[in-house]
Amino acid sequence: MIVSAKGRARPIRLITIVASLLLANVAMVAASASAVVATGPPIFIDTFHPEAGPRGAVTIMGDSVMLGSSYEMPGYGPSLAEMMLARGWGPVRTKSGVGFQAGLNVGNNPGANLSQFVRNQRASGWDTPIYIVNVGGNDILGCSGRQSCAETDIRGLLDVIGADREVWWSKITMTRQSDQDAWNNALLAVAAERPNLKLWDWPSIRITNEVPIGPDNIHLPDSSAYRKRSALMADDITTRLGVSQQVGGPAVAPVAVGAPSEFVPLPLDRVIDSRSTVTPLAAGGVLQVDLSAKVPQGATAVSINLTAVNPSLDGFLTAYPCGGTPPVTSNVNYLAGQIRPNHVVVGLGAGATLCVLSSAPTDVIVDLQGAFVANGGTRLTPMTPTRIADTRETGRADPLMLTAPAGAEGLVLNVTGVGSELPGFMVVYPCDRPIPATSNLNFVAGAAVAGSVYVEVGRAGTVCVHANTPIDMVVDLHGTFSAGGQLRFQAAAPQRMVDTRTGLGGWRGQVGVGQQIEVAVAPPEAQAVTGNITIIAPGTSGFQTAFRCGIGVPPTSSVNADRAQIAANSFTVSSTASMCVRSSVGAHLIVDTTGWWVA
């Protein structure tokens with residue numbers, strides 16, 4: 001469909017200027033993947049570049065000024081989309097056209113409504129963490145130059161995009177200075193209340209960089225000017241949105257539950273499998289697990305493996321001590337139809353009860369690995385994360401046998417499965433025991449999946465890793481348990497400490513490619529911390545690594561995910577009140593704390 005200009009008189013006059021000035025010497029648009037064109041000057045284009053980049057997917061949308069940055073025909077490009085691809089972004093979708101608006105005053109021209117475009121694309125499965133917007137000229141005319149109307153218009157599009165998306169929005173130039181000031185002041189007013197809105201001061205930047213402008217003071221006179229503008233835009237977007245920005249202070253510290261305790265490994269035991277023992281959890285349902293017959297009397301916390309099996313919708317599981325309100329945290333993130341596990345270390349409620357909430361209908365499996373008691377257990381000695389096995393280099397083995405450090409009675413491991421041709425699972429266990437009927441991580445063909453585990457060491461000082469189908473195994477050692485160890489575990493009410501989608505914890509925006517950030521995770525007395533790390537929508541397949549600040553980035557990973565997916569993993573990291581996280585790709589980050597370790 002070709003978008004035409006109808007409705008209010010003043011926007012029509014602006015579009016006439018566009019047709020005569022901007023598009024006079026353009027006969028056709030050739031898009032990289034798809035385009036809507038006319039015989040003669042195009043009125044709008046819709047292009048899509050499917051190439052994935054490590055910085056992630058981007059949506060570009062705007063009016064006739066953005067249209068000038070969107071051409072991909074010889075002699076006119078590279079377009080803004082192509083420049084974004086060159087800077088590591090992708091996939092990139094561009095929607096721009098004559099008369100396009102935020103949505104408030106489009107009236108009987110719905111094809112020019114960018115709010116509706118966002119709704120339609122989201123319904124079809126396209127959504128991005130970052131939106132690039134250049135509209136305002138048509139909107140302010142539709143608002144008859146009123147700033148209050150412009151603010152409502154801007155808020156409307158931002159509400160549709162969502163507060164957990166970053167929005168980069170260019171200020172505008174206009175023929176009448178009063179219209180320009182009204183729109184740009186409206187942007188400033190909304191940006192002061194919306195932390196996800198980042199403004200680009202095009203009127204000032206144009207002058208500073210000597211970019212020529214046409215006689216209408218809106219459009220640029222030629223392709224060279226548009227290329228220069230697009231390069232300035234791409235650089236600013238990448239600089240400001242290609243990395244997470246520090247926007248505030250840390251989240252409230254977690255609240256301790258009970259007293260510090262020591263770890264007792266237990267025989268691996270599947271204590272709940274709702275596929276055979278209870279009905280699946282409903283959306284918002286809570287499963288209460290009575291562990292009083294499974295753990296030592298007086299146990300304060302447990303180490304479990306928690307698995308969601310064949311959920312009917314996308315969602316998450318949250319484990320927490322029974323007796324309180326479910327926390328705003330998560331331990332397992334899943335998609336419909338998946339099997340997703342994760343290791344969890346969490347405090348127990350009264351009567352040694354553990355509660356599991358599911359946001360969507362799903363079956364649930366709980367495998368018990370160990371418990372924490374006041375005395376008579378083992379203590380943690382945290383280590384700099386060290387890679388102790390990688391069968392991609394040594395050759396596959398099943399089971400993979402690992403030799404524990406001298407004196408270790410238990411290990412803290414991160415195990416990653418890579419390159420399986422079939423779906424399956426892995427289990428970690430003492431080598432002198434039979435392979436247990438439990439699991440530590442589940443994987444699909446071709447994916448890299450990580451899972452943390454606390455495991456008892458066998459009598460010969462060995463730990464084994466078994467997979468039910470051939471797969472490469474990568475194992476990182478994070479610490480040991482022994483009677484002479486250093487630290488006891490202090491359970492806490494699970495607490496979300498960082499969410500870069502919202503700015504919680506002081507950081508907002510995707511953690512950039514190779515970016516390292518420091519995040520507060522525990523009270524000052526902590527010497528190590530345990531919790532859950534979640535990677536969200538990486539630009540390409542990649543990983544994030546949690547580690548003690550100041551030691552240098554270890555050659556290990558804490559959580560892995562494929563492009564555009566969500567994955568979570570437990571972590572136990574030597575740390576003070578804060579720890580560092582580095583991302584190999586552009587991706588959002590969530591960190592939840594379930595406890596810390598003290599002498």
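1. Helix H6 (residues 147-161) packs against helix H7 (residues 177-191) at an angle of about 50°, and their axes are 8 Å apart. Helices here (H or I, at least four residues) and strands (E, at least two) are DSSP runs, numbered from the N terminus. The axes are lines fitted to C-alpha atoms, for helices over the stretch in contact, and angles run from 0 to 180 degrees between N-to-C directions.

2. Before going on, please keep in mind that this is a predicted model, in which local features need pLDDT of at least 70 and side-chain atom pairs count only at pLDDT 80 or more, while totals for chains, interfaces and linings use all residues. Residues are numbered from 1 along each chain as its sequence is written, and side-chain values use heavy atoms, with hydrogens and water left out.

3. How are H6 and H7 oriented to each other? They are oblique (under 35 degrees counts as roughly parallel, over 145 as roughly antiparallel, 65 to 115 as roughly perpendicular and the rest as oblique). On the H6 side, the contact (heavy atoms within 4.5 Å) is made by Gln-147, Ala-150, Glu-151, Asp-153, Ile-154, Arg-155 and Leu-158. H7 brings Ala-182, Trp-183, Asn-185, Ala-186, Leu-187, Ala-189 and Val-190.

4. One runs from Gly-90 to Pro-91, with omega near 0°, and Pro-91 sits in strand E3 (residues 89-97). Another joins Asp-398 and Pro-399, with omega about -5°; Pro-399 belongs to the loop between helix H10 (391-394) and strand E17 (400-403).

5. Next, look at the loop between helix H8 (202-208) and helix H9 (223-241), where Glu-210 lies. Glu-210 is not a glycine, yet its phi is positive, about 55°. Is Glu-210 buried or exposed? With a relative accessible area of 67%, Glu-210 is exposed (buried means under 20% relative accessible area, exposed over 50% and partly exposed in between, using a 1.4 Å probe and protein chains only).

6. Asn-217 is also placed in the loop between H8 and H9. Its phi is positive too, about 60°, although Asn-217 is not a glycine. At 23% relative accessible area, Asn-217 is partly exposed.

7. Finally, Gly-323 is in the loop between strand E11 (315-321) and strand E12 (332-334), and its relative accessibility of 85% makes it exposed. The C-alpha atoms of Gly-323 and Leu-348 are separated by 9.3 Å, with the two residues 25 apart along the chain.
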